[in-house]
Amino acid sequence: MINQNETLTSKQNSKVKIIKRYQNRKLYDTQQSCYVTLDDIAKMIRTNEEVMVIDNKSKNDITAATLTQIIFEAEKKASQYAPLFTLREIIQNGNGSISNYLAKLGAFPQDYMTKQAANIANVERASVDDVKQNLENRVANAATRYNPDTTAKAAAEKATVLPGAQNEEETPNLPSSNPSLNN
């Protein structure tokens with residue numbers, strides 16, 4: 001079995017190539033400034049390049065999912081498939097997940113799956129917190145948008161004082177809805 005600590009250390013020393021995946025599923029090599037295919041990424045991996053695939057919208061690392069996709073695409077093109085008894089065993093004992101099956105066989109370090117589960121839980125928790133904060137901001141913005149009295153107050157609270165201003169406690173003069181008061 002390969003010592004994963006050694007491979008991680010050696011990979012950290014090399015430059016990581018960042019590939020961005022856009023919503024339209026296009027993959028963009030940020031180093032070469034060009035679009036690439038899954039086959040191109042497979043070639044990079046075969047030449048021992050360190051590749052990281054990032055979802056452009058969420059900024060999540062989707063390298064594992066992309067490499068899994070490359071493996072399955074290669075499997076579709078293969079002239080021979082894995083034996084049926086092996087495929088059935090993966091479905092029965094790994095719930096259809098090759099990762100779970102390999103973990104049960106001991107192909108990963110003992111704490112690998114636990115750490116992966118913790119990482120996923122942290123990402124999901126952060127994602128829920130982001131959605132909650134976004135929703136709270138949208139509700140607050142909607143409330144100020146439909147209530148003109150609070151709009152002026154909120155704008156005054158958010159106004160920043162320019163550098164060099166004398167009194168930091170002063171709120172800026174906001175235009176009122178009455179045009180005669182603006183003079």
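**Close-up views of a predicted model**

**View 1. L105 sits in helix α5.** Helices here are DSSP runs of H or I with at least four residues, strands are runs of E with at least two, and both are numbered from the N terminus. This is a predicted model, in which local features need pLDDT of at least 70, side-chain atom pairs count only at pLDDT 80 or more, and totals for chains, interfaces and linings use all residues. Residues are numbered from 1 along each chain as its sequence is written, and side-chain values use heavy atoms, leaving out hydrogens and water. With 55% relative accessibility, L105 counts as exposed (exposed is over 50%, buried under 20%, partly exposed in between; 1.4 Å probe, protein chains only).

**View 2. Here is the largest nonpolar core, with 10 residues.** Among them are I19, I41 and I70. Such a core is a set of buried Ala, Val, Leu, Ile, Met, Phe, Trp, Tyr and Cys residues joined through side-chain atoms within 4.5 Å. Helix α2 gives the most to this core, 3 residues. Look for I41: beyond four places away in sequence, its contacts (heavy atoms within 4.5 Å) include L27, V53 and T66.

**View 3. K17 and E49 meet in a salt bridge, 3.1 Å from N to O.** A salt bridge is a side-chain nitrogen of Lys or Arg within 4 Å of a carboxyl oxygen of Asp or Glu. K17 lies in strand β1 and E49 in the loop between α2 and β4, so the pair ties together parts 32 residues apart in sequence. K17 is buried at 7% relative accessibility, while E49 is partly exposed at 31%.
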